[in-house]
Amino acid sequence: MGLGGCIILIAVGAILTFATDWEMEGVNLDLVGVIFMIVGLIGVTTFSSIARRKRVVVPPTTPVVGEEPHHHPRRDGYSDGYGV
């Protein structure tokens with residue numbers, strides 16, 4: 001179950017707990033809603049901890065030793081003799 005499923009569980013649990021007044025014989029819908037919310041919260045925390053472990057840290061690239069950077073001559077119109 002992904003993050004979206006966990007959020008849906010929390011929403012359905014909140015709706016069952018706080019927004020309904022249905023009566024079912026043998027079933028306490030408030031308790032079912034609380035259980036859904038708890039399971040959704042456990043899923044969100046599990047998903048976030050797993051996603052944090054899956055992050056790959058790429059080390060910064062190091063420059064190659066011995067290779068000099070290539071500089072292009074500056075052409076501004078004055079240093080090449082045309083502006084004199």
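Colleague: Which residues of H1 are buried?

Modeller: This is a predicted model, in which local features need pLDDT of at least 70, side-chain atom pairs count only at pLDDT 80 or more, and totals for chains, interfaces and linings use all residues. Residues are numbered from 1 along each chain as its sequence is written, and side-chain values use heavy atoms, with hydrogens and water left out. Helices are DSSP runs (H or I, at least four residues) numbered from the N terminus, and buried means under 20% relative accessible area, exposed over 50%, partly exposed in between (1.4 Å probe, protein chains only). On that basis, the buried residues of H1 are Cys-6, Leu-9, Gly-13, Leu-16 and Thr-17.

Colleague: Within what arc do the buried residues of H1 fall, seen down its axis?

Modeller: An α-helix has 3.6 residues a turn, so residues three or four places apart point the same way. On the other side of H1, Ile-8 and Phe-18 are exposed. The buried residues line one face of H1, because the directions from the helix axis to their C-beta atoms fall within an arc of 95°.

Colleague: Which residues does Thr-17 touch, not counting those up to four places away in sequence?

Modeller: Thr-17 is found in helix H1 and is buried, with a relative accessible area of 15%. The cover over the buried residues of H1 includes H2, which comprises residues 29-54. Counting contact as heavy atoms within 4.5 Å, Thr-17 touches Asp-30, Gly-33, Val-34 and Met-37.

Methods: Helices (H or I, at least four residues) and strands (E, at least two) are DSSP runs, numbered from the N terminus. The expected span of a helix is 1.5 Å times one less than its number of residues.
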